[in-house]
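Please open the model in your viewer and keep the sequence panel at hand. The tour goes from the whole chain to single residues.

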Amino acid sequence: AYPVLGFLWDDGHTLGLEGPLEDCAAVAEWAREVVPLEQELIFWDQGYNFDVPLTEGITRDAIVAAAGA
């Protein structure tokens, strides 16, 4: 296992995450908690095989399930 690596893209609107799905989903859950709800957040993979809207109260497990893992 390795830690999640994260970075904010130059556009200031994209948080890139690299790591195991479950761990990245946990970071996405945290991001939804700290980013104002007015800001839409979507969790997706590099190939855009799935996209999961990060709605209020979403959990890591719900993100992983919605991603089809």
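**The whole chain**

From the N terminus on, the elements of the protein follow the order β-β-α-β-β-α, where helices (H or I, at least four residues) and strands (E, at least two) are DSSP runs numbered from the N terminus. This is a predicted model, in which local features need pLDDT of at least 70 and side-chain atom pairs count only at pLDDT 80 or more, while totals for chains, interfaces and linings use all residues. Residues are numbered from 1 along each chain as its sequence is written, and side-chain values use heavy atoms, with hydrogens and water left out.

Show the C-alpha trace, which spans about 30 × 25 × 20 Å along its principal axes.

**The hairpin**

Next, select residues 5-8 and 15-18, which are strand 1 and strand 2 and pair in the antiparallel sense over four bridges; two strands pair if DSSP finds at least two bridges between them. Leu-5 stands opposite Glu-18 in strand 2. Six residues lie between the two strands of this hairpin, and Gly-12 in the turn has a positive phi of about 75°.

Now move to the loop between strand 3 (42-44) and strand 4 (51-53), where Tyr-48 lies.
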